[in-house]
Amino acid sequence: MDNPKYEHDNGSQQNSTINNGNLQLNYGTGNNDVILAVDDAELSKITSNQNKIFIQHTKGTFLKNLTNFTKRKLFILQWIFIYSSEDFLGDLLAGITIGLTVIPQSMALASIVGIPAQYGLYSSFVGTFIYLLFGTSKVVPMGPTAIVALLINNTIGTRGPAYATLLCFLTGVIQTLMSFAGLGIIVNFISVPVCSGFTSAAAILVITSQLKDLIGVKGGGGNLLKMCRTVLEHISNISIGDTIMGFACIGTVMLLKAFSTTRIGPKEEELQTAWQKNVNKLIWAIGAFRNSFVVIVCSIICYCCVHKTNHDITSDWAPPIPFKVIGKIPYGLPHFKWPEFSNSNESFLDIILFMGSGIIVIPLISLLENISLCRTFAEGKPIDTDQELLAIGMANIGNSFFQGFAGSGAIARGALNYSSGVRTPLGGLYTGLTVMAALLFLTPYFYYIPKTSLAAVIIAASFMMVDVKMVKYVYNSKKKDLVLMLITFFSCLFLPLEYGVLIGIVANVGFIMCSAAKPKISIQVQKNCDGIKYLLLTPDRYLIFPSMEYVRQTITKHGLALGIPVVIDGSSIFEADFTTANVFSMMSLDFSKKGQYLYLYNLKPSVASVFKGIKNCNIYLCANKDELNELLRNHFGPSQIQEQYQNETIWTSKM
């Protein structure tokens, strides 16, 4: 098979050695090293000095590599030394803004998980401190998210906070291990239509899961049908007070959000007067704090109602008012303790088996949500997915030691963080401190927060996650991707969410494999400078095992029908595997039985090495077109060229 004249891009290699007395020029080395002959005494001195230099160089290299590794992984070291007062002011304002936003949201998200409200707060401060050490994005507000909370609920059911905390620890460990294994690249295999379908379905599920608290009834379930059925079963117990307040909260939040986009004066900020700038900042602040504003107003209403009834808030009874409130929340910060790896009824292995695929799905979805946020506000900068994996993994491990549940970077809070003017990841420090202050000083007042207001906050935020516009964009761009999007959407909607995600990913990979199975092949009949006709086929991509049956049929069909040499232009072939080489080997034997030859030229060295590994076949490898013409000339002398010309004339006259 090998053409002896075939050369790689670097040219032929010589291994000659020239002796000239004690001087040896070794041309076999890569850089033509000069080797001088010396006596034994000099050799011992040189060897001693070389050993000292080698040891010093090794120590210096090790310390340098360790420093670079630490600086790369502990990402704060890359920017903290240039931290300025402007950065401090921007981070302080954004951090407090996110802190006041995450307080009501985290308590509402705890209800999605199915655990008491305080665990949402426990999940909202430790992770922010750890993320600022390792994270690369300034906009990521590490904490609970609606999508991850819903996945946790599907994984642990009604098992309670201990299972949520253990799942948080396992999620963090898996993400950290994935980071060091370089598996952040996994997110590149999940396309935008799959992400959009999953996000939209998850948003609808989150909205449905909050209906029970919005109207004050019992409910539950792991998918859309179960949630709707349980709510309908208890619809007769609907709370009029909760329903009116809940829908009023949703309307207020949406109106305040729309109001926050209003601006007075010129659009260009530099053309606005000082008064106009201040008014616009006030309008923005009203929109930014809309969730907190709604929850505070509703809490004041409930506070007045409770005190009118003279209800004892230290009792375990719910107050006799037309609204369901959160109730008592433990005072202070959570204590440091290890997650419970087993209990009196189940071993660690039993718990792992119970959680099932959720242990794998939650780390992946958490990463996907975080990377989506990072890319949205990357401002053209590349995203290090492995470093982000490490950051959220370590944050989740830290959360698990303070009774928190798994989280990620929430897209809605990330957008607010960006618009608040955050400058560095240190904004997370002030977010965490705000949540800690709430746990230390505000827990007595959390008693009066109505559950319907928290449900309204989550529902209003989830409306924005339903990406209806994406359907139109995908349809106009590529209808095939719309099918993939709809498969993911309906799978997540009507099946358990983790299964829906896996179906979407598998469908995505299937679409990729189908595309790889049928590469486009340009087919032309050409003549070289000697007038020798040959069939030129140019594949447009890599040739790997899924595509080889299609490629074989195409080449064999046209090659055997024309009866002329077959030439494969490999300029666009970036990858090949053993199956490719084996199939081409069998094709070359088929062509040789018909007196034809199979040529491959313009191959990249990595691809050529795959074909050179196959022996006992009739493939001719050519580095360029000149070698191809020379081989054609050798294989087809003047008599063959004349015969080919006559056959072409006869075939033309018959036509």
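The structure is a predicted model, in which local features need pLDDT of at least 70 and side-chain atom pairs count only at pLDDT 80 or more, while totals for chains, interfaces and linings use all residues. Residues are numbered from 1 along each chain as its sequence is written, and side-chain values use heavy atoms, with hydrogens and water left out.

The predictor's confidence in each residue is given as pLDDT, on a scale from 0 to 100. The protein chain has an average pLDDT of 82, and 87% of the residues score at least 70. Helices (H or I, at least four residues) and strands (E, at least two) are DSSP runs, numbered from the N terminus. Confidence in the protein chain is highest in helix α6 (residues 161-180), at 95, and lowest in strand β2 (residues 23-26), at a mean of 38. Over residues 1-38 the pLDDT stays under 50, and the model has 54 contacts beyond four places in sequence for this stretch; contact means heavy atoms within 4.5 Å. The pLDDT is also below 50 over residues 645-655, a stretch with two contacts in the model beyond near neighbours in sequence. Where pLDDT is low, the predicted coordinates should not be read in detail.

Helix α7 takes part in two of the helix pairs described here. Axes are lines fitted to C-alpha atoms, for helices over the stretch in contact, and angles run from 0 to 180 degrees between N-to-C directions. Angles under 35 degrees count as roughly parallel, over 145 as roughly antiparallel, 65 to 115 as roughly perpendicular and the rest as oblique. Helix α7 (residues 192-209) packs against helix α22 (residues 497-517) at an angle of about 165 degrees, with the axes 10 Å apart. The two helices, α7 and α22, are therefore roughly antiparallel. Val194, Phe198, Ala202 and Leu205 of α7 meet Leu497, Val501, Gly504 and Asn508 of α22. By class, this contact of α7 with α22 has six nonpolar, two polar and no charged residues, where Ala, Val, Leu, Ile, Met, Phe, Trp, Tyr, Cys and Pro count as nonpolar, Asp, Glu, Lys and Arg as charged, and the others, Gly among them, as polar.

The axes of helix α5 (residues 146-156) and α7 come within 10 Å and cross at roughly 70 degrees, which makes α5 roughly perpendicular to α7. The contact joins Ala146, Ile147 and Leu150 of α5 to Phe198, Thr199, Ala202, Leu205 and Val206 of α7. Its residues comprise seven nonpolar, one polar and no charged.

For helix α4 (residues 126-134) and helix α15 (residues 385-400), the axes come within 8 Å and cross at roughly 150 degrees. Helix α4 is therefore roughly antiparallel to α15. Among the contact residues are Ile130, Tyr131 and Phe134 of α4, and Leu390, Ala391 and Met394 of α15. The contact of α4 with α15 has nine nonpolar, four polar and one charged residues.

An open sheet of five strands shows mixed pairing in the order β6-β7-β8-β9-β10; two strands pair if DSSP finds at least two bridges between them. Strands β6 (521-527) and β10 (619-622) form the edges, each pairing on one side only. From one strand to the next, the twist averages 25 degrees. Strand β6 runs antiparallel to strand β7 (residues 533-539), to which seven bridges join it, and valine 525 stands opposite leucine 535 in β7. Helix α23 (residues 548-562) lies across β6, β7 and β8 (566-569), running at about 25 degrees to β6. Helix α24 (residues 578-593) also packs on the sheet, where it touches β8, β9 (598-601) and β10, and its direction makes about 140 degrees with that of β9.
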